[in-house]
Amino acid sequence: MNRIAELFGIKYPIIQGGMVWVSGAKLAAAVSNAGGLGLIGAGSMKPDLLEAHIKKARTLTSKPFGVNIPIFSKYAEKQVEVALDNNVDIFFMSAGSPKKFTNYLKEKGKTVVHVTSTPQLAYKCEQAGVDAVVVEGFEAGGHNGRDELTSFVLIPQAVDLVNIPVIAAGGIADGRGIAAAVMLGAEGVQIGTLFAASKESSAHINYKNAILNASSCDTVLALKDIIPVRLIKNKLTEEISILEKKCAKKEEILKLLGNNPAKEAIFEGKLDMGEIEVGQCCAMVKKIEDVNNIIEKLIKEFNFIIKNCKNF
Ligand SMILES: Cc1cc2nc3c(=O)[nH]c(=O)nc-3n(C[C@H](O)[C@H](O)[C@H](O)COP(=O)(O)O)c2cc1C
């Protein structure tokens, strides 16, 4: 049996990445009901809202689901406690050291996965005692590693370095992507952008349409020296780039971002000066579909590729 499917008790080793302003109870439960693993993205939730989403998800699915908690958030500790109090068993931690929560969560008998962007960091996660690691390539939407390792080189190098199962993320938007990740040694995939445009995603329709209308070269890795994030190019990314060329101070650039640029773009649909977090695979997303259709199609495409790949 596939180690990732076994670890989480799911049918397909397809994980819906935790996504700020996108992955609430509705999306996470839909993915879990369709046989994958849904993750509630705690990054945009205060602890009480996270609790409400966990409770809501339980009413929408009886299947396993998890939470994604970005460690740099000022609420991370409280979010961990809320998830523990509400008997969440699966924790996907990101954006911080795997040493911070892994022991604590493992002592409580939880399944812990850490998201990382280099093979060396994947190894550190394994040393810290996580059950599996997500390696996220440079193609991915949202916050990103500085080292620019694309999935094609990251996956095999991580697989060679660790014994725990590797989940590939970044650039996967169809069954071909899953098949490629599996060929490179991944035992599961984490998908963001494709699910961000789904019917059950809580993102604003303007954001979903921005994904559908984007072409292959429309994203950029912005804020590389401050907090790298892959975004669809817009007025904001243009203004950031102008300031960077002028060697503007970090504070000046941060001022441009305003209060909550990701919320503005993703949740409120204000696309001019918000952060439109989207991966390079955006051009492969052609319509807003329900999660069930998306997962069925992914599996069908994957099986077709695997059956026909002997022609090389
Ligand atoms: C809108 C958006 C928000 C995201 N927010 C988070 C987050 O809160 N925590 C996290 O670990 N990753 C986050 N990610 C990354 C995804 O979980 C996933 O790893 C990534 O999107 C995979 O790459 P793909 O977009 O090419 O599928 C986000 C991605 C997107 C597109």
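Biologist: At what angle do helix α2 and helix α3 pack?

Modeller: This is a predicted model, where local features need pLDDT of at least 70, side-chain atom pairs count only at pLDDT 80 or more, and totals for chains, interfaces and linings use all residues. Residues are numbered from 1 along each chain as its sequence is written. Axes are lines fitted to C-alpha atoms, for helices over the stretch in contact, and angles run from 0 to 180 degrees between N-to-C directions. The axes of α2 (residues 25-33) and α3 (residues 47-60) are 9 Å apart, and the packing angle is about 35°.

Biologist: Which residues of α3 does α2 meet?

Modeller: Two residues are in contact if their C-beta atoms, placed from the backbone, lie within 7 Å. The residues of this contact divide into five nonpolar (Ala, Val, Leu, Ile, Met, Phe, Trp, Tyr, Cys and Pro), two charged (Asp, Glu, Lys and Arg) and one polar (the others, Gly among them). From α2 come Ala 25, Lys 26, Ala 28 and Ala 29, and they meet, in α3, His 53, Lys 56, Ala 57 and Leu 60.

Biologist: Is Cys 247 buried or exposed?

Modeller: Cys 247 lies in the loop between α11 (235-245) and α12 (250-257), and has a positive phi of about 55° although it is not a glycine. A residue is buried if 20 or more other C-beta atoms, placed from the backbone, lie within 10 Å of its own, exposed if 12 or fewer, and partly exposed in between. Cys 247 has 6 such neighbours, so it counts as exposed.

Biologist: How many C-beta atoms lie within 10 Å of Ala 95?

Modeller: Ala 95 is in the loop between β4 (90-94) and α5 (102-107). Its phi is positive, about 55°, although it is not a glycine. Ala 95 is partly exposed, because the number of other C-beta atoms within 10 Å is 18.

Biologist: What is the bridge partner of Thr 219 in β11?

Modeller: Two strands pair if DSSP finds at least two bridges between them. An open sheet of three strands runs β7-β11-β10, with antiparallel pairing, and its edge strands, β7 (142-143) and β10 (219-222), each pair on one side only. Four bridges join β10 to β11 (residues 229-232). In β11, Thr 219 is bridged to Ile 232.

Biologist: How many helices and strands are in the chain?

Modeller: Helices (H or I, at least four residues) and strands (E, at least two) are DSSP runs, numbered from the N terminus. Of the 312 residues, 52% are buried. The chain holds 14 helices and 11 strands.
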